[in-house]
Amino acid sequence: MKKICLIGNGGFAYEIRDILDMMGREVRGFFDVRDWEQKPQDFLGKATEIESSISPDDNELFIAIGAVDRKSLDLRSKLAETVNKLGFDFASAISPLAHIASNVEIESGAFVAHGATLSTKCKIKQHVIINSNSIIGHDAEIHENTIVAP
């Protein structure tokens with residue numbers, strides 16, 4: 001199984017790491033858009049260095065930058081577009097503590113937090129964030145790079 005490299009290392013990334021750990025997935029480290037004066041041990045480089053640092057053959061990526069406003073949503077979209085061109089696959093992080101109907105479709109790069117409920121025939125597109133305790137009703141389609149919160 002491929003290792004996962006995160007893009008981002010703030011609070012949202014810690015939540016992602018927790019869920020990936022619960023899923024039995026291994027996080028190799030993280031890339032970031034920020035400069036780090038003191039680089040953490042698992043710092044892999046700046047997001048602009050992904051292509052020269054790792055291979056898509058043995059790594060998946062996850063955009064672990066939270067979205068709180070239009071600027072952060074735009075950054076997430078731009079990163080997804082850039083990384084797609086490099087040939088990397090995106091991992092999803094789906095909490096085993098979420099309630100998900102058996103016929104829900106979840107695309108790559110999606111995040112489903114603890115306590116979320118996804119009802120029958122939902123479609124969750126790429127890079128969607130479904131926050132803790134959110135409820136998605138039957139037959140709903142949540143479009144790419146959208147955030148749902150209770």
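Predicted model: local features only at pLDDT ≥ 70, side-chain atom pairs only at ≥ 80, totals over all residues.
A search of the whole structure finds nine salt bridges, among them a contact between the side chains of K2 and D89, with a distance of 3.3 Å from N to O. Because K2 lies in the segment before β1 (3-7) and D89 in strand β5 (residues 89-90), this pair ties together parts that are 87 residues apart in sequence. Both residues are partly exposed, K2 with a relative accessible area of 25% and D89 with one of 41%.

The side chains of D42 and R17 also meet in a salt bridge, at 2.7 Å from N to O; D42 belongs to the loop between β2 (27-32) and β3 (43-46) and R17 to helix α1 (residues 11-22), so that parts 25 residues apart in sequence are tied together. D42 counts as partly exposed, at 25% relative accessibility. In the salt bridge between R34 and D32, at 3.1 Å from N to O, R34 is partly exposed at 40% relative accessibility, whereas D32 is buried, with a relative accessible area of 2%. A network of salt bridges links E107, K125 and E141.

An open sheet of three strands shows parallel pairing in the order β8-β11-β14, and its edge strands, β8 (105-106) and β14 (141-142), each pair on one side only. Strand β11 (residues 123-124) is joined to β14 in the parallel sense over two bridges, and I124 stands opposite I142 in β14.

As for the cysteines, C5 counts as buried at 0% relative accessibility, and C122 is likewise buried at 1%. With a cut-off of 2.5 Å between cysteine sulfur atoms, the count of disulfides comes to zero.

How values were computed:
Residues numbered from 1 in each chain as written. Heavy atoms only, no water. Buried < 20%, exposed > 50% of the residue type's maximum accessible area, 1.4 Å probe, protein only. Pairing = 2+ DSSP bridges. Helix = DSSP H or I, 4+ residues; strand = E, 2+ residues; numbered from the N terminus. Salt bridge = Lys/Arg side-chain N within 4 Å of Asp/Glu carboxyl O.
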